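Please keep the sequence and the structure in view while reading.

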Amino acid sequence: RDEQRARILAGARRVFAREGYNGATIERVAREAGTARSSVYELFAGKDELFVAVVQDSAERVVRHMRENFQRSEGRPLRDFARHSFAIMFDLVDRDRDSIVLLLNAERNGVEPPVAAVADTRRRVLEEIDRYTGTGLWADYGIEVGSASVVLSHMYFGMAEEVALIQASDDSWDRDALIELLTEFTVGGLFRLALHPEALQAARRHQSQEVPAVDAEVPEDEG
């Protein structure tokens with residue numbers, strides 16, 4: 001039964017990524033999974049329940065990949081950390097493009113009622129990124145981001161996600177060159193923020209009307 005569920009989820013992931021929520025049907029999922037419609041209904045009450053299960057399964061796949069690989073980035077110099085982190089996203093899209101496309105399409109299309117599962121998935125992925133790119137990491141490089149770390153995590157992940165999908169859809173783009181572009185863009189932006197901390201102050205002003213001055217020591221550019 002576990003094997004059958006895994007096969008159906010894999011087929012559903014491909015169908016939902018390719019056809020979207022509205023275009024997907026239980027019949028198409030069953031055909032993709034190489035099983036009967038009745039077998040799908042034995043495990044899932046209908047398309048909504050199947051979609052939620054696929055979203056949650058895709059989330060686990062994404063979070064597991066990022067958690068395992070982000071741990072290998074820890075302790076690296078800033079530029080190496082950024083480069084390795086972006087490579088993680090490109091590797092994820094290469095290996096599991098359907099999961100990324102499914103989650104993005106579901107989020108953007110605002111599918112109801114399964115949209116709650118998508119929102120929860122997005123939150124968990126971003127929390128995982130913030131865990132490794134949060135206040136502690138940036139402080140190590142002399143950049144005090146405070147609560148703005150959440151915003152930076154969204155920017156960091158969203159930028160990597162979109163560029164990786166562009167490259168995956170059109171392999172005429174040079175993967176390594178795009179990773180290098182993302183790296184330099186990010187590192188340059190962080191050094192700029194260290195020089196102009198008022199941007200970070202404004203980004204976290206919603207939490208307090210009195211924002212203490214940030215006396216950030218400008219990190220040494222690694223060249």
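In which helix does Val 93 lie? Val 93 belongs to helix 5, which covers residues 78-109. The model discussed here is predicted.

**Two buried residues and their surroundings**

Val 93 has a relative accessibility of 1%, and because buried means under 20%, Val 93 counts as buried. When neighbours within four places in sequence are left aside, Val 93 is in contact with Ile 100, Ala 164, Leu 165 and Ala 168.

Ile 26 is found in helix 2, which comprises residues 26-33. Ile 26 is also buried, with a relative accessible area of 8%. Not counting residues up to four places away in sequence, Ile 26 touches Arg 37, Val 40, Tyr 41, Gly 46, Lys 47 and Leu 50. Between the C-alpha atoms of Ile 26 and Phe 44, which are 18 residues apart along the chain, the separation is 9.8 Å.

| Residue | Relative accessibility | Class |
|---|---|---|
| Val 93 | 1% | buried |
| Phe 51 | 2% | buried |
| Phe 16 | 3% | buried |
| Ile 26 | 8% | buried |

**Aromatic rings**

The count of aromatic pairs in the model comes to four. Phe 16 and Phe 51 form an edge-to-face pair, with 5.0 Å from centre to centre and 75° between the planes. Phe 16 lies in helix 1 (residues 2-23) and Phe 51 in helix 4 (residues 47-70), so this pair ties together parts that are 35 residues apart in sequence. Ring pairs also bring in Tyr 21, linking Phe 16, Tyr 21 and Phe 51 into a cluster. Over the ring of Tyr 21 sits the charged end of Lys 47, 4.4 Å from the ring centre.

**Packing of helix 1 and helix 2**

How do helix 1 and helix 2 pack, and at what angle? Their axes are 8 Å apart and the angle is about 140°. The two helices are therefore oblique to each other. Helix 1 passes helix 2 in a right-handed crossing. Residues of helix 1 that meet helix 2 include Arg 7, Ile 8, Gly 11 and Ala 12.

Note on methods:
Residues are numbered from 1 along each chain as its sequence is written. This is a predicted model: local features need pLDDT of at least 70, side-chain atom pairs count only at pLDDT 80 or more; totals for chains, interfaces and linings use all residues. Side-chain values use heavy atoms; hydrogens and water are left out. Rings of Phe, Tyr and Trp (its six-membered ring) pair if their centres lie within 6.5 Å; planes under 30 degrees apart count as stacked, over 60 as edge-to-face and the rest as tilted. Helices (H or I, at least four residues) and strands (E, at least two) are DSSP runs, numbered from the N terminus. Buried means under 20% relative accessible area, exposed over 50%, partly exposed in between (1.4 Å probe, protein chains only). A charge sits over a ring if NZ of Lys or CZ of Arg is within 6 Å of the ring centre and within 35 degrees of the ring normal. Axes are lines fitted to C-alpha atoms, for helices over the stretch in contact, and angles run from 0 to 180 degrees between N-to-C directions. Angles under 35 degrees count as roughly parallel, over 145 as roughly antiparallel, 65 to 115 as roughly perpendicular and the rest as oblique. A crossing is left-handed if the near helix is turned anticlockwise from the far one by less than a right angle, and right-handed if clockwise. Contact means heavy atoms within 4.5 Å.
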